[in-house]
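Take a look at the model below.

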Amino acid sequence: MNKLEAVIVACDMVTSYGTGINACWNGMLSGRTAVSRLRRFNTSAFQSGYAAAVEGLKYLKGDSLVMQMFGLLFENNSFSAPEDAKFILATTKGEIDLLEEKFLTGKGDSGKSNPLHLLKKLSTLAGVSDSGIIISTACASSSAALAQAASMIKNGRSDCVLVAACDGVTEFIYSGFSSLMALDKSAASPFDKERSGLSLGEAAAYALVMSESRAKKEKRKIIGRIAGWGLSNDASHMTGPSRTSDGLIRAVNKALNSACIGEGSIGFISAHGTGTVYNDAMEMRAFHSVFKKKIPVYSVKGAIGHTLGAAGLVETIIALKALEEKTVPLTVNLKTADYDAEGWVSRNPHTLAGKQTALITNAGFSGINTALVVE
Amino acid sequence: MINIFGIGWIDNEEYGCIAAGEKVNYKDSAGFDGLSKRIFSHPFKNFGRLDKTSKLICYAAALALKDACINYSQKQDMGIIGTNDSGSLESDLLYFKDYLDSGRTLSRGNLFIYTLPSSPLGEAAIHFGLQGPLFYTASRRKPLSAIMEMASEMILSDETSAMLAGVNSDENAVCLILKKSAVSGNNFLCHESTIKAITSKDLAFKYLIKEFSALRKGSI
């Protein structure tokens, strides 16, 4: 396969640390988690009372949480997408709070929670003329969307694709994860020996992906390159990660092959790292299998929670920031690394020497695995 | 070149396989759930716990695989992509009403799982052993044409060697098997572009099936 030419020329995010990439980056490097007690709705019946919520959002009062987050991104900064950009929206539950609002307050229309409505609103907000597509592959939605954008560019279907991703912390989602017994009682601690579940988080993010030739022609700053990707399915269980990690191993090998590089070229891994016992063990098993030597691994989810459909894009943007800063971030909330993660994960940030290529892994319900290689 | 090797479909009364020229009316002989023993070539564990959309997709997928003469006793390098225009709204309503009925204290994980629009595809991937990419997508474009475009690109980019592409509504589903192959030979149903020409007309499901059937008979 030829070397790909999909580059990222603009990106930004809103997370529980605030608006902007630097807010998230600096928050993570401070070691302070943005997961805190959730006051948005009553959590007393649930497994946990903690989440990483964006401050200042209004809940069940008109605009959905995700539209408010995109308002912070698109209305308050200078970014505007080229009008001819294709548009991909990645989300799991989008504006599900509109359905909640109908049931809980009698206002609105449950049908407006259909993501096609969000797609239309966002394409207008972002200023693109394309009606767009939704990609939903559970918690790997936005990494699959980035892969699709890169594929569209590689195949000549477009030379400019805007990828947006979002999910909010709502009672619908929170109660569901609680019913699955997936939540940590306080803040998640990925790859820790004592980890006991995930923390939900919310985020909105975008990335403008272009062909390298168009980016150069328009004299755009190239923030990073999507060098390769791999997508796979475990085909074994709806909610439980594979006990053999074979699906993720296949996804990582596909990504390395499509980037035309070997495992030795990867400088660090941004892992899905939810903080559940089984997910993190599944990922470490895959990394042990693919990589001949220990390399730095981190998870952002102890810091900003699991942002569901937005996770892959947020984590890709952070990985690009890490490459730019030549710094591998720490894993927030890590105290004692589990035995299989010893020497891979760290409580402290450290300098990235030499290799300028990162691997981002994500996974989701239905056995979905994604791996992206960026440089 | 991408070719279509089989098409399976099901609605409230009938199901069928296009290449095999098979159409069965099941309304009077078996209930919807009772079809599982007829349609699946090996037992589907806990089929009863699936939501309606998952059952429709899995039935149509089994019929499409049968139509393409593909055995699914082993896991295989095939992806799955699906679309509809309602997302998971029915499952969302079911889950949240159930949760509210409990006094907002208890929710059911088995209902929550199906509030992800990708979950019906996940059920199919597990039963049929599909290890390639799994995508739910939606757009305002003609649904089947849109997913066939994405599926074809994935095959041509060597992301997977075959794709199962499906579209459903509340009451019906159709699935197609797409694979790369040479033009010569007659083991495939038709070329992808022929199907695209049909699916881009935005016809109702029954008419789509008629056109597919006519296609098989060589009348288009």
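The text starts with the strand and then turns to the helices.

This is a predicted model, in which local features need pLDDT of at least 70, side-chain atom pairs count only at pLDDT 80 or more, and totals for chains, interfaces and linings use all residues. Residues are numbered from 1 along each chain as its sequence is written, while chains are lettered from A and ligands numbered from 1 in the order in which they are written.

**A strand in chain A**

Helices (H or I, at least four residues) and strands (E, at least two) are DSSP runs, numbered from the N terminus. Strand S5 of chain A spans residues 86-91. Six of its six residues are buried, so S5(A) is largely enclosed by the rest of the structure. Buried means that 20 or more other C-beta atoms, placed from the backbone, lie within 10 Å of the residue's own. One side of S5(A) holds A:Lys86, A:Ile88 and A:Ala90. The other holds A:Phe87, A:Leu89 and A:Thr91.

Two strands pair if DSSP finds at least two bridges between them.

| Partner strand | Sense | Bridges |
|---|---|---|
| S7(A), residues 160-167 | parallel | six bridges |
| S6(A), residues 133-136 | parallel | three bridges |

A:Leu89 has A:Ala164 of S7(A) as its bridge partner. A:Ile88 has A:Ile133 of S6(A).

**Two helices in chain B**

Helix H6 (residues 143-156) and helix H7 (residues 192-199) of chain B have axes that come within 9 Å and cross at roughly 155°. Axes are lines fitted to C-alpha atoms, for helices over the stretch in contact, and angles run from 0 to 180 degrees between N-to-C directions. The crossing makes H6(B) roughly antiparallel to H7(B), a term for angles over 145 degrees.

Note on methods
Angles under 35 degrees count as roughly parallel, over 145 as roughly antiparallel, 65 to 115 as roughly perpendicular and the rest as oblique. A residue is buried if 20 or more other C-beta atoms lie within 10 Å of its own, exposed if 12 or fewer, and partly exposed in between; C-beta atoms are placed from the backbone.
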